[in-house]
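Morning, everyone. Please take a look at the model on the screen, and I will walk you through it.

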Amino acid sequence: MSPHRPQVGDLFRRFRDRQAADSAARNGKAADSAARNGKAADGVDQPPARGPKRRGGRRGGGEDIRVPEAEFTSYYGRPILKAPVWKWDIAAYLFTGGLAAGSSLLAAGGQVTGRPTLRRAGRVTALAAVSASAVFLIRDLGRPARFHHMLRVAKPTSPMSVGTWILTAFGPAAGVAAIAEGAGLLPRRGLLGLAGRALPPVGHAAGLVAAATAPALATYTGVLLADTAVPSWHEAYPELPIVFAGSALASGAGVGLLAAPPAEAGPARRMAVAGAALELYGAHRVETRLGLLSEPYRLGRPGRLLRAGRLLTAAGVTGAVLGRRSRAVGALSGAALLAASVVTRFGIFYGGVASARDPRYTVVPQRERVNARRTSADLPAD
């Protein structure tokens with residue numbers, strides 16, 4: 001046997017010593033635990049160790065804090081909801097779509113009542129705005145082919161699919177109506193003269209088609225935002241279409257007040273009153289009805305934008321009503337209404353983005369809904 005190899009007796013003694021050390025360590029831990037629970041190792045009662053107490057506790061100073069108060073934090077540094085990847089171009093798309101819808105309604109009003117200045121301004125603005133909307137949308141999609149691919153199916157349950165078809169119907173009609181305004185520039189003879197004579201009635205029909213599609217164009221973007229999981233958008237599903245419809249009417253009225261003389265601006269003034277009433281009512285509901293989820297619309301950049309929108313809307317409609325004899329006051333009122341529409345759309349957009357980034361706006365409403373269901377079902381709170 002090698003002299004350097006440990007003997008069996010040495011191995012046994014080492015094993016016995018190790019077992020004794022482990023047993024002593026276990027007994028020491030048990031004694032510490034008993035002392036913390038008010039018992040000494042020999043069974044004699046000891047006063048329990050007291051930890052920090054909550055302020056304002058019950059009789060005698062409060063309860064021991066076992067678990068710290070929960071904080072609304074993200075999971076491994078990630079938010080509970082993925083914030084929308086949309087940027088400012090989608091907020092601009094919301095505005096230009098509403099402007100196109102309001103302008104086409106203004107043009108139809110000028111067409112029916114025999115006000116050529118309103119008709120011309122509305123048609124040209126509608127075409128420019130819907131073209132800008134297409135640019136912003138395609139910029140967000142990344143490739144123009146993606147817009148084309150949306151037309152492969154018609155899905156009534158998808159606001160995006162419905163919106164694509166609304167734009168497809170509205171855009172050509174608005175384009176034909178705007179082109180018809182150039183009929184007077186064509187020669188009176190030949191093929192161009194024939195086209196010049198055919199364009200006005202065709203433009204008349206196209207303008208009415210665009211106006212019939214305009215309400216859907218003005219409101220579908222509100223439905224699109226409310227159909228997402230973003231808390232402050234989703235909970236405001238009854239109000240967002242109202243806000244966007246009012247904003248569209250106010251922006252169309254702004255175009256009419258800027259372009260038409262006071263004698264022709266009557267339909268624009270009536271549109272301004274109706275649009276301002278809808279927009280102010282919807283924005284007030286969004287900022288007050290949703291409880292905690294109204295908070296993102298009142299704080300920070302969204303709050304500043306929406307407050308500016310209310311002031312500009314009130315100033316614009318007041319000027320439109322009281323300054324009906326002044327072209328300068330009408331133009332300033334129209335500019336205020338257009339600016340109000342811009343800041344209102346951006347305020348709604350950024351308010352929803354802010355609610356998705358803060359876990360509190362996701363967790364607290366969920367807990368409230370769960371507690372409400374338990375209360376209604378008479379279940380225990382735990």
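**Starting at one serine**

Let's begin with Ser-247, which sits in helix H8, residues 240-259. A word on terms: helices (H or I, at least four residues) and strands (E, at least two) are DSSP runs, numbered from the N terminus. This is a predicted model, where local features need pLDDT of at least 70, side-chain atom pairs count only at pLDDT 80 or more, and totals for chains, interfaces and linings use all residues. Residues are numbered from 1 along each chain as its sequence is written, and side-chain values use heavy atoms, with hydrogens and water left out.

Is Ser-247 buried or exposed? Ser-247 counts as buried, because its relative accessibility is 0%. Buried means under 20% relative accessible area, exposed means over 50%, and partly exposed is in between (1.4 Å probe, protein chains only).

Which residues does Ser-247 contact, leaving aside neighbours within four places in sequence? They are Glu-279, Ser-341 and Arg-345. Contact here means heavy atoms within 4.5 Å. Two of these partners also make polar contacts with Ser-247. The side chains of Ser-247 and Ser-341 are joined by one of 2.6 Å. The side chains of Ser-247 and Arg-345 are joined by one of 3.1 Å. A polar contact is a pair of N or O atoms within 3.5 Å; within protein, one must be able to donate a hydrogen and the other to accept it, and residues adjacent in sequence count only if both atoms are side-chain atoms.

Now look across to Leu-278, in helix H9. Leu-278 and Ser-247 are 31 residues apart in sequence, yet their C-alpha atoms are 7.8 Å apart in space. Leu-278 touches Ile-242, Gly-246 and Leu-249, not counting residues up to four places away in sequence. Leu-278 counts as partly exposed, at 34% relative accessibility.

**The whole chain**

Zoom out. The protein chain has twelve helices and zero strands. Of its 382 residues, 40% count as buried. Take the contacts with a separation of 6 or more: 71% of them join residues 24 or more positions apart. The accessible surface comes to about 21,800 Å², and 61% of that belongs to carbon and sulfur atoms. Those areas come from the Shrake-Rupley method with a 1.4 Å probe; for residues, only the protein chains shown count as cover.

How confident is the predictor? The pLDDT (the predictor's confidence in each residue, from 0 to 100) averages 81 over the protein chain, and 76% of the residues score at least 70. Over residues 39-46 the pLDDT is below 50, and this stretch has ten contacts in the model beyond near neighbours in sequence. Over residues 51-60 the pLDDT stays under 50 too, with 14 contacts beyond four places in sequence.

**Salt bridges**

Next, charges. Side chains of opposite charge can pair when their charged atoms come close. A salt bridge is a side-chain nitrogen of Lys or Arg within 4 Å of a carboxyl oxygen of Asp or Glu. How many are there by this rule? The count is nine salt bridges.

Take Glu-181 and Arg-119, with their closest N and O atoms 2.8 Å apart. Glu-181 is in the loop between helix H5 (159-180) and helix H6 (190-226), and Arg-119 is in helix H3 (residues 116-141), so the pair ties together parts 62 residues apart in sequence. Glu-181 is buried, at 18% relative accessible area. Arg-119 is partly exposed, at 24%. A network of salt bridges links Arg-119, Arg-120, Arg-123 and Glu-181.

Glu-239 is in the loop between helix H7 (231-234) and H8, while Arg-289 is in the loop between helix H9 (266-288) and H10, 50 residues away. Glu-239 is buried, at 3% relative accessibility. Arg-289 is partly exposed, at 32%.

Arg-310 is in helix H10 and Glu-287 in helix H9, so the pair ties together parts 23 residues apart in sequence. Arg-310 is partly exposed, at 29% relative accessibility. Glu-287 is buried, at 10% relative accessible area.

**Out on the surface**

Last stop. Leu-322 is in helix H10, residues 300-322. Leu-322 is exposed, with a relative accessible area of 69%. With Val-273 and Val-321, Leu-322 makes a nonpolar surface patch of about 270 Å². Patches are made of residues with over 30% relative accessible area and no salt bridge: like charges are joined within 9 Å, nonpolar side chains (Val, Leu, Ile, Met, Phe, Trp, Tyr) within 5 Å.
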